[in-house]
Amino acid sequence: MSAHGPDRRTVLGGAAAVAAGLAFAGCGDSDDSGGEPAGRKKGEKVTLTFWSWVPGIDKPVQLWNSKNPSVQIKLEKVSAVNGAQYAKMHAAIKAGNPPDLGQIEYPVVPSFLLDNGLLDLTKYGAADVKGKFEGWQWQQSVFGKAVFAIPQASGPMGLFVRQDLFDKWGVETPQTWDEYEAAAKAIRKKGAWIETFSATNGNRFAGFAWQSGARWFGVDGETWTVTIDDEPTRRVADYWESLVEQKLIKTIPDRQNAWYKDVQTGDIAAWVGASWGDALLVGNAPKTAGKWRVAPLPQWKKGDNAAANWGGSTTSVFRGTKYPKDAMAFAVWLNTDPESIKLLIDGGYGWPSARSGWTNADMEGQRDFFGGQQYSEVFEAAGKAVDTSWQWGPAMDTLYQRLGDAFTEALSSGGSFRSVLTKVQRQTVDDLRAKGLKVETG
C-alpha cells in the first residue's frame, strides 16, 4: 500500500466491522512503498489549493493567510448544485491533478476512498487532534485504523416555523408527525402550504429515515449490507406520499428560486431544515425578519426524542499533495481556531464539530430574525439526540441521484414512493457490486 493511503484494490476488498463503525478492510495498514512526499523545506514558501462551497469560507482563509506567510491557501469556490463539486473532484483525481484540500460531506467520504483519492492522516498526527472534535463526527471519516478527514460541522435538524402565520391561523406548532399533518390541513385551508416535498433532496430524505430508525448500510464480516427498503424508511415514504396525494404540500425543489419566493411571501409557512438553515432564511427572506421560530423535529410518537442530521462536512486532504503536514495543519486550524470558528459561524456553515472555541451564544447571531428566541438550544438538544449508530455507505452521491430520479419519476407518473425504495435498493446493490464490493440485502 502507498504511504498516502489504501490502494483501490484494498478499499474494494471488503469491509470489516470495527469499533469505529464502517471500515474498509486494510485501510489502516501502512507500507512505505510509495515513498513520502518531501514536504516543505525550511524557509520555503508554498501555496496550497482548497476547493470549497461553504458560505463565508473566504474570511477564515484570509485570516490564515495573514498569519502564515509561508503557507498560503488559494481558495477556489466550487458549485454545490446537484453534486457538481464532487463530479469536479472525482474528475480531478482521475486526471491526476486534484487540489491539496477539499470540502467533502460526511456521506460521500467513502466515495472518495473508492477513487483512492484521500490521504490517510494518521501518520501526520491525527491521533493528537482527535480529542478536539465531537467523537461521533470524528468517526465519520475513520475506516479501520485510518483517518481520512478533519471534521468541520454537522447539521442537526429542526422545524423552522413562521410563528406569526401559525398564530394568525390558530395553528399549534406540531410535536408529532400526526400533528404536522393536521397543521398542514389547517394551513392549506388558509390558502398556503406548510412545506414542500423536494424530490431531488435525497440528503434530507436520508435525515427523515435516520430519525425513523432506519439503517441503510451495515457490514457483516467482509460484506456490505444494504437496507434502504426497510420498514422505518417505508414509514417515511408512506407519510410524505400521503401528504402529496392529499395535496397538503408542494412538490417544488427546496432552496431554489420558486421555493425562496414562497418562503418570502408566506405561501410556505414552515420548513424542516438543519441548523445551518438560519443563515439561509436570513439571506433569502429578509422581509420576514422577526417572524420565524425554531422547534424540535416532530416525533413519530409523542414524548419520543429522536433526532437526525442533515449535512455536515469535513476538510479533507487529497492524496498527491506535496505538503501533507501543512495541509493537515490548515485543516485542523480552520476547524478549531476560535477566530476561524467565529468567521465560519458568521457565514452560516453549520453546527461546529470542535468541542471548544465557541459557545451557544455564538450560534445565535441571527436571534433577532427569530424573534429573540435562543434557538441554538433546539439544535444543541437535537445534536445530542442524534443516533450515532447510523452508518454511511459507499457511493452516497450516486445513491442520492438515484433517489432524486426515482422520486421525480414517481411524482410525474403517479408511482408509489415504496416503489422508489425498491428500485433504489436494487440499483444501489448493483452499483456497489459493479465496484467490486461484496453486497447483500438486509
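Contact means heavy atoms within 4.5 Å. The model is predicted: local features need pLDDT of at least 70, side-chain atom pairs count only at pLDDT 80 or more, and totals for chains, interfaces and linings use all residues. Residues are numbered from 1 along each chain as its sequence is written, and side-chain values use heavy atoms, with hydrogens and water left out.

**View 1. Contact of helix 9 with helix 10.** From helix 9, Phe 205, Phe 208, Ala 209 and Ser 212 meet Pro 232, Thr 233, Arg 235, Val 236, Ala 237 and Trp 240 of helix 10. By class, this contact has seven nonpolar, two polar and one charged residues. Helices (H or I, at least four residues) and strands (E, at least two) are DSSP runs, numbered from the N terminus.

**View 2. Crossing of helix 9 (residues 202-212) and helix 10 (residues 231-245).** The two axes, lines fitted to C-alpha atoms over the stretch in contact, come within 8 Å and cross at roughly 125°. Angles run from 0 to 180 degrees between N-to-C directions.

**View 3. Burial of strand 3 (residues 101-105).** Five of the five residues are buried, so strand 3 is largely enclosed by the rest of the structure. Buried means under 20% relative accessible area, with a 1.4 Å probe and protein chains only. Leu 101, Gln 103 and Glu 105 point one way, and Gly 102 and Ile 104 the other way.

**View 4. Strand 3 and its pairing with strands 1 and 11.** Two strands pair if DSSP finds at least two bridges between them. Strand 1 (residues 46-52) pairs with strand 3 in the parallel sense over two bridges, and Trp 51 stands opposite Gly 102. Strand 11 (residues 309-317) runs antiparallel to strand 3, joined by five bridges; Val 317 is the bridge partner of Leu 101.

Technical notes:
Nonpolar A, V, L, I, M, F, W, Y, C, P; charged D, E, K, R; others polar. Buried < 20%, exposed > 50% of the residue type's maximum accessible area, 1.4 Å probe, protein only.
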